[in-house]
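Have a look at it, then read on.

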Amino acid sequence: MRRKVGYVLGTILMLLGLIWIGQGSGLFPYPSSSFMINQSVWVLWGLIVLGIGGVTVFVSRKLGRQ
């Protein structure tokens with residue numbers, strides 16, 4: 001059960017991180033009124049969240065093998 005929750009949570013975090021990177025870099029300007037567009041701080045936050053999601057998925061895989 002923890003493994004599945006870890007996969008879902010990690011995947012959601014990675015997708016959220018990718019969206020933040022896209023908006024912060026201006027590659028994904030949706031919605032057009034978003035305060036995150038072309039703001040480099042959101043690229044940094046996106047990378048952090050993407051990394052946390054990746055670690056969560058990695059740890060979930062390790063827990064599943066035990």
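## Surface

About 4,800 Å² of the chain is accessible surface, and carbon and sulfur atoms hold 71% of that (areas come from the Shrake-Rupley method with a 1.4 Å probe; for residues, only the protein chains shown count as cover). Of the 66 residues, 24% are buried, where buried means under 20% relative accessible area, exposed over 50%, and partly exposed in between (1.4 Å probe, protein chains only).

What you're looking at is a predicted model, in which local features need pLDDT of at least 70, side-chain atom pairs count only at pLDDT 80 or more, and totals for chains, interfaces and linings use all residues. Residues are numbered from 1 along each chain as its sequence is written, and side-chain values use heavy atoms, leaving out hydrogens and water.

## Overall build

The chain has two helices and zero strands (DSSP runs numbered from the N terminus: H or I with at least four residues for helices, E with at least two for strands). Its C-alpha trace spans about 45 × 20 × 15 Å along the principal axes.

## Aromatic pairs

How many aromatic pairs turn up in the whole structure? There are two (ring centres of Phe, Tyr or Trp, using Trp's six-membered ring, within 6.5 Å; planes under 30 degrees apart are stacked, over 60 edge-to-face, the rest tilted).

Together, W20, F35 and W42 make one aromatic cluster. F35 counts as exposed, with 61% relative accessibility.
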